[in-house]
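My notes follow, in the order I looked things up.

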Amino acid sequence: MSPVLRLEGVTHRFDGIPVVDNLSLEIASGEVVCLLGPSGCGKTTALRLAAGLEQLQTGRVTLGDREVAAPSQQIPPEERGIGLVFQDYALFPHLNVADNVAFGLTSLPKPARREKALLELRRVGMEGAAEKFPHELSGGQQQRVALARALAPNPRIILLDEPYSGLDTALRSQVRDDVLHLLKESGAATLMVTHDPEEAMFMADRIAVMRDGRIVQEGSPHTLYCYPNSAFVAGFFGEVNVFSGPVKDGEVETPIGPVAAGGLSEGTTATVVVRPEGLRVTTLQAGQSDYTARVMQARLLGRSSLIHLHVQSGENGGSIEWHFHSRMPGIFLPETGTRLRIDLDPGQIFVFPASNGGAT
Ligand code: ATP
């Protein structure tokens, strides 16, 4: 399908420093794409460039077959047919809910504006609040109104910047369920910014992971989680254990066991990333001499238990102490000091050349 929104070779500098660096991205109608990355990596700036809220310096932004931004000419945000939702909802405090939603419907005659606003409010389950003012609504309700306002003019593109950050955990999962449903129903192309990997995985058909202004990997949630192309991407989906060591006989020896080096050349240094859920611990049976570790602390997190472990390994006559984490499903709370057996799940282990360990 041809893209509705396309960013090509977009670079943006603040005070000479590139915060968006040669970024290219395409989004088709009905598709939800998330820009995911740590604070300060340039996500919001990329979104603002797509919206036209930031003057484009280098590259091109195209909506459908219409070029809306090139360094030489810039179409203002209100003429781009884009719906915007920001983290603070930005409802007009002096307008009631219905008037907030009707605000952007200038192409319709006045009575039709109110009718359309009420229809949009019904879609987000807020028709009962039409006469209320924003300060009379909860965060989740304001968020729904903001979405109704963004969707009301039937934009082809919706841009969302951390739309759930003001909501508590319980409300967040409810609202994002609803928002995803509405976005899919609208058929708009959606670009959403978030620093929360779980949120991106829930919402996105495709995730673009950003670091230092660049997209370092792009793909479906499944691809990024199961086939990260760097330690950075692997580590972005939750805390990980990281080791490095030389490749010898096709393996990398780590304190928790040998790991297949996945085609890396002999003698090169590898970075090994092990997800805590890929490091399974069980009670040590008598006579077992596999890889073991001692429990330093075990914590119940709810649906899983996080076990902080350590291993003492001798190297060149010295002794190195390694600390790492295992995440076990359910309640598993061994006593501090207990020695446990370790088994590794190859599906949760990633090996990269050390030169590529933290980058792309
Ligand atoms: P966060 O998740 O914290 O919102 P982000 O990934 O969205 O971060 P941006 O807000 O795009 O990142 O900011 C990228 C970099 O650009 C940051 O270092 C920020 O300080 C800087 N920056 C953003 N806006 C401006 C501005 N108007 N003037 C100067 N520097 C800016």
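**Helix 4.** I started with its buried residues: Q141, Q142, Q143, R144, V145, A146, L147, A148, R149, A150 and L151. That makes eleven of the 13 residues buried, so helix 4 is largely enclosed by the rest of the structure. I then checked its length. At 1.5 Å a residue, helix 4 should span 18 Å, and its end C-alpha atoms are 18 Å apart, which agrees. What do the buried residues of helix 4 pack against? I found strand 7 (82-85), helix 2 (97-102), helix 3, strand 8 and helix 5.

The model is predicted, not experimental. I noted a mean pLDDT of 89 for the chain, with 96% of its residues at 70 or more. The scores are ipTM 0.96 and pTM 0.87.

**Helix 5.** Next I turned to residues 169-186. Which residues of helix 5 are buried? I listed V175, V179, L182, L183 and S186. Viewed down the helix axis, these buried residues fall within an arc of 100 degrees, so they line one face of helix 5. I reminded myself of the general rule: an α-helix has 3.6 residues a turn, so residues three or four places apart point the same way. On the other side of helix 5, I found T169, A170, Q174, D177, H181 and E185 exposed.

The buried residues of helix 5 pack against several elements, including strand 3 (32-36), helix 3 (110-123) and helix 4 (139-151). Strand 8 (157-161) and strand 9 (189-194) are also among them. Just after helix 5, G187 takes a positive phi of about 75 degrees.

**The ligand.** Which residues are around the ligand? I wrote down F14, V19, G37, S39, G40, C41, G42, K43, T44, T45 and H195. Sorted by type, this shell has three nonpolar residues, seven polar and one charged. Helix 1 (residues 43-51) gives the largest share of the shell, three residues.

**V247.** My last stop was in strand 12 (residues 241-248), where V247 is found. Is V247 buried or exposed? I counted 23 other C-beta atoms within 10 Å; 20 or more are needed, so V247 is buried. Leaving out residues up to four places away in sequence, V247 touches V252, A261, L264, S265, E266, G267, T268 and A270. I also compared V247 with M192: they are 55 residues apart in sequence and 40 Å apart in space, C-alpha to C-alpha.

Technical notes
Residues are numbered from 1 along each chain as its sequence is written. This is a predicted model: local features need pLDDT of at least 70, side-chain atom pairs count only at pLDDT 80 or more; totals for chains, interfaces and linings use all residues. A residue is buried if 20 or more other C-beta atoms lie within 10 Å of its own, exposed if 12 or fewer, and partly exposed in between; C-beta atoms are placed from the backbone. Helices (H or I, at least four residues) and strands (E, at least two) are DSSP runs, numbered from the N terminus. The arc is that of the directions from the helix axis to the C-beta atoms. Two residues are in contact if their C-beta atoms, placed from the backbone, lie within 7 Å. A residue is near a molecule or strand if its C-beta atom, placed from the backbone, lies within 6 Å of it. Ala, Val, Leu, Ile, Met, Phe, Trp, Tyr, Cys and Pro count as nonpolar, Asp, Glu, Lys and Arg as charged, and the others, Gly among them, as polar. pLDDT is the predictor's confidence in each residue, from 0 to 100. The expected span of a helix is 1.5 Å times one less than its number of residues.
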